[in-house]
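Reader: I am new to reading structures, so please take one chain and look at it closely for me, spelling out each term as you go.

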Amino acid sequence: MAARLVFLGRLQDVAGGAEREVGPGALADILTTLSPELALAITDERVRWALNGELIGEHGAIDLADGDELAFLPPVSGG
Amino acid sequence: MIDVRLLDAPFLPGQYVSSFTKAHPGLGAVCTFVGEVRGEGEVQALELSHYAPLTLPGMQELATSAVARFGLLGILLIHRTGVMHPGEPIVCVSAAATHRRAAFDATDFAMDHLKSNSWFWKREQRAGAWRWIEPRGEDYADLSRWD
């Protein structure tokens, strides 16, 4: 089992894919395993985070467990 | 009635609007907006992506808040996802009310929120290359009219 990071919009291009499996653990540790460019992009203050489909108010310390899904949502453009 | 749909294939807005208005016999006013992929320029295709856990629930909340805010009889919200070509509908909003002003305003309100306050990401293809579309300042200005 693993946790999953989901990248929306332009973050997919930075990540090189729409999602990525990561080992469970503290997000701070997981971020160090990503490319600096990707870590910077997903921690940008304009990027919202959603853990298991629920928006998170502020970027903070998160521990990802097996099966968790953390989505990174850049500014939207619909319509 | 509140009718909210996320569609991943081309659709005919008239079909949905027709059954929506029939569900409100005796309505005083219905206002419908349809947005399509523009045919101008060199845009070959448009792709809308979404995040399933948030996008449809967010549209349902938007529909509920529009009904409450404008005292609507009902609202229809349809948004496409996936790849679209010039001339294909992307979005359709229809609001039914007893008087015209509420129907006009609710349609405008829903479109501003679908464009810059709903969970969609848009990119376009020109000369074979895909480019993400960033939200524009005027989209945020349109949205702020409703604060």
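Author: A residue is called buried when its relative accessible area is under 20%, exposed when it is over 50%, and partly exposed in between (1.4 Å probe, protein chains only). This is a predicted model, in which local features need pLDDT of at least 70 and side-chain atom pairs count only at pLDDT 80 or more, while totals for chains, interfaces and linings use all residues. Residues are numbered from 1 along each chain as its sequence is written, chains are lettered from A and ligands numbered from 1 in the order in which they are written, and side-chain values use heavy atoms, leaving out hydrogens and water.

In chain B, Cys92(B) is buried, with a relative accessible area of 0%, and Cys31(B) is buried too, at 14%. The sulfur of Cys31(B) has its closest cysteine sulfur in Cys92(B), 10 Å away, which is too far for a bond, and the count over all chains is zero disulfides (cysteine sulfur atoms within 2.5 Å).

Turning to the side that meets chain A, 22 residues of chain B and 19 residues of chain A are in contact (heavy atoms within 4.5 Å). The two chains bury about 1800 Å² between them, 61% of it on carbon and sulfur atoms, where buried area is the accessible area (1.4 Å probe) lost on being put together, summed over both parts. In chain B, Tyr51(B), Trp121(B) and Trp132(B) lose the most area to chain A, together 37% of what that side buries. The interface has one salt bridge (a side-chain nitrogen of Lys or Arg within 4 Å of a carboxyl oxygen of Asp or Glu), in which Glu134(B) pairs with Arg10(A), their closest N and O atoms being 3.6 Å apart.
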